[in-house]
Amino acid sequence: MLDLLDEQNLEKEIETLGKFYESVRERASGIDNAEGKQRIIVELYDKFFKTAFPRMANRLGIVYTPIEIVDFIIRSADETLRNEFGVGLTTKGVHILDPFTGTGTFIVRLLQSGLIDPKDLERKYRGELHANEIILLAYYIAAVNIEAAFHGSAGDEYTPFDGIVLSDTFQMMETKGTFHETLFPENNKRGARQNQQDIRVIVANPPYSAQQESENDNNKNLKYPRLDGRIRETYAAASHAALKKNLYDSYVRSIRWASDRIGDQGVVCYVTNGSFIDSNSTDGLRACLPREFTSIYVFNLRGNQRTLGELSRQEGGKIFGFGSRAPIAITLLVKNPKRNLDGTVHYYDIGDYLTREQKLHIISDFGSTSAIEWETITPNKQHDWINQRDPAFDRFIPAGASESKGATDSKTLFRSYSQGVLTSRDVGLTNSRVSLSTTAWIE
């Protein structure tokens, strides 16, 4: 194999990689603390993946989480457990899962945080910490990262981390969620063991990806019949939106999955796309969250760069840098069967015109959700949380209405109602850059 590679100028490739490795060694040489080490692992891996596998990064919505947010989420989960249930992350029997672990940063920072008592550390590591990852390279990095963190904290003999599973977390909810039994027997045993655990805490940065930008990309998201069926039964059924495809975005799926996974009690804390806060297409999600959780905390980090001009500047810096142009939010969800099921929505807006660095500094200063002065929100009947609509508009004559919305029974300005031509491959069909998807059809 090496002889064949030599014929393809392998030495030239090694020379290029040698420069890269040298730059990494130089950058890492001055780091003497755990937070700095995790930061460089995340940043290097993030840049590598987006360069080496851009299509996969786009389909899986891969963005890696700033350490300030990871620490904030972990501390918030611990404090919420203590306030709601009288236990902490260190308590025996509290199983913790990162279902989209990436490079393992959430589990690593938990091991390094001091939130787990030293006497509980080995028990937690061996049986109560769980992580899933679908990308093989990330899986290996996460496993080594977590093992090194435990070894550094406990000082014991190097011990493999048996809590990590190479798996598609969403697929584990379907009828089959494991790999070939002959090729991956130990991995499948880990997955089966995880499925049997009573998970009480879920912390993660779920993937963000609603759909491919063009049908020509041939890069569609996977479908999950059972999980998507649960979305249809809940979020879609409660929605009044005409277009519901955004309810099958990966981050919305992750909320639906987590709600079902923790059962009737537990804590979920995610950093996700924040569009669900005020998007028309996610009204069904906003309707269902107070029905399923006793407390909802939403920390709006803003950063929506799909806007223009002054509004874009007002939204401030992007938390994930070039990783996402969407608004971002940290959401903490609590299920406590001892409290009233009609959940209370708590909201905090980080503010206008803040840079990314200023936002991360604010998050770090807060430390956890307990330091925030929350605004209690009372949703209206349309399930608006913020920017609640003026009810006077309900008395206006609509421009148009579909049959499903009573077009034949109500007065409208136009009799015909359509989105126009939606091909998802307009450029290929028209051999031009002119899109047909915004064509309006009216009489």
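Modeller: Let's start with strand 5, residues 266–273, which is mostly covered: eight of its eight residues are buried (buried means under 20% relative accessible area, exposed over 50% and partly exposed in between, with a 1.4 Å probe and protein chains only). Bear in mind that this is a predicted model, where local features need pLDDT of at least 70 and side-chain atom pairs count only at pLDDT 80 or more, while totals for chains, interfaces and linings use all residues. Numbering runs from 1 along each chain as its sequence is written, and side-chain values use heavy atoms, with hydrogens and water left out.

So what sits beside strand 5? On strand 4 (residues 199–204), the two run parallel and are joined by four bridges; V203 is opposite C269 there. With strand 7 (residues 328–335), strand 5 pairs in the antiparallel sense over eight bridges, and Y270 has T331 as its bridge partner. (Two strands pair if DSSP finds at least two bridges between them; strands are DSSP runs of E with at least two residues, helices are runs of H or I with at least four, and both are numbered from the N terminus.)

Keep going from strand 7 and you reach strand 6, again antiparallel, with seven bridges. In that pairing, S295 faces V334 of strand 7.

Now the wider view. These strands belong to an open sheet of nine, ordered 3-2-1-4-5-7-6-8-9, with mixed pairing. Strand 3 (164–166) and strand 9 (375–377) are at the edges with a single partner strand each, so one side of each has no neighbour in the sheet. On average, neighbouring strands of this sheet are turned by 20° against each other, ignoring direction (axes are lines fitted to C-alpha atoms, for helices over the stretch in contact, and angles run from 0 to 180 degrees between N-to-C directions).

Helices lie against the sheet too. Helix 8 packs on it, touching strand 2 (129–133) and strand 3, and its direction makes about 165° with that of strand 3. Helix 14 (residues 356–366) lies across strand 6 and strand 8 (344–349), at about 150° to strand 6.

Helix 8 (residues 136–154) has a helical partner as well: its axis and that of helix 7 (residues 121–128) come within 11 Å and cross at roughly 160°. That makes the two roughly antiparallel (over 145 degrees; under 35 is roughly parallel, 65 to 115 roughly perpendicular and the rest oblique). Which residues meet there? L121, E122 and Y125 of helix 7 meet I146, E147, F150, S153 and A154 of helix 8, where contact means heavy atoms within 4.5 Å.

Back at the end of strand 6, G303 is in the loop between strand 6 (295–302) and helix 13 (309–315). With 0% relative accessibility, G303 counts as buried. Setting aside neighbours within four places in sequence, its contacts are E315, G316, G317, K318, R325, A326, P327 and K359. The C-alpha atoms of G303 and Y353 are 9.3 Å apart, though 50 residues separate them along the chain.

As for the whole protein chain, there are 15 helices and nine strands, and buried residues make up 48% of the 443 residues. Of the contacts between residues at least 6 apart in sequence, 74% join residues at least 24 apart.
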